[in-house]
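Let's walk through this one with a few quick questions and answers. Have the sequence and the fold in view as you go.

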Amino acid sequence: MPMLETYPQPINLDRSVLADAIDALVACSQACTACADACLSEDMVADLTKCVRTNLDCADICGVAARVLSRHTGYDANISRSLLEACVVACRSCGDECASHAGMHEHCRICADACRECERVCRGLLAAMS
């Protein structure tokens with residue numbers, strides 16, 4: 001939020017809603033990256049192949065969205081909306097996959113929670129953009 005407050009031009013979005021979304025995207029990206037790494041360290045790593053893949057996809061998509069949403073000069077709402085929609089899909093997919101392993105792996109439970117929160121916040125920002 002402090003960085004968004006320093007942007008010298010008007011922004012067509014509530015800066016606090018935007019900041020919450022960027023924070024959730026960064027947190028989700030980090031949680032997914034860490035979860036993928038933890039999955040790779042599990043004894044039954046072969047059973048977690050899909051989880052690792054969805055973790056890495058979600059981490060990349062959320063990371064890109066956070067970076068794009070942090071830029072406002074020459075802003076293109078269509079790109080931001082498309083990225084947020086992709087985040088919703090990636091977070092739902094990753095959250096579902098991690099939730100299926102959450103009873104056995106605490107890192108998957110934490111990641112599923114981060115994905116659910118990010119999906120919720122991205123939906124909120126999409127609604128604010130409409």
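**Helix packing and cysteines**

The buried residues of α4 (buried: under 20% relative accessible area, 1.4 Å probe, protein chains only) pack against α2 (15–41), α3 (49–69) and α5 (106–129). Helices here are DSSP runs of H or I, at least four residues, numbered from the N terminus.

This is a predicted model, where local features need pLDDT of at least 70, side-chain atom pairs count only at pLDDT 80 or more, and totals for chains, interfaces and linings use all residues. Residues are numbered from 1 along each chain as its sequence is written, and side-chain values use heavy atoms, with hydrogens and water left out.

Q: How far apart are the end C-alpha atoms of α4?
A: Helix α4 covers residues 77–101, 25 residues in total. The expected span is 1.5 Å times one less than the number of residues. That predicts 36 Å, and the end C-alpha atoms agree, sitting apart by 36 Å.

Q: How many disulfides does the whole structure have?
A: A disulfide needs a pair of cysteine sulfur atoms within 2.5 Å. C111 has C32 as its nearest cysteine sulfur, 3.6 Å away. For C115 the closest is also in C32, at 3.7 Å, which is too far for a bond. The search of the whole structure gives a count of zero.

Q: Which residues does E119 touch, leaving out those up to four places away in sequence?
A: E119 is found in helix α5 and is buried, with a relative accessible area of 10%. Contact means heavy atoms within 4.5 Å. The residues touched by E119 are V88, C91 and R92.

Definitions and conventions:
Helices (H or I, at least four residues) and strands (E, at least two) are DSSP runs, numbered from the N terminus. Buried means under 20% relative accessible area, exposed over 50%, partly exposed in between (1.4 Å probe, protein chains only).
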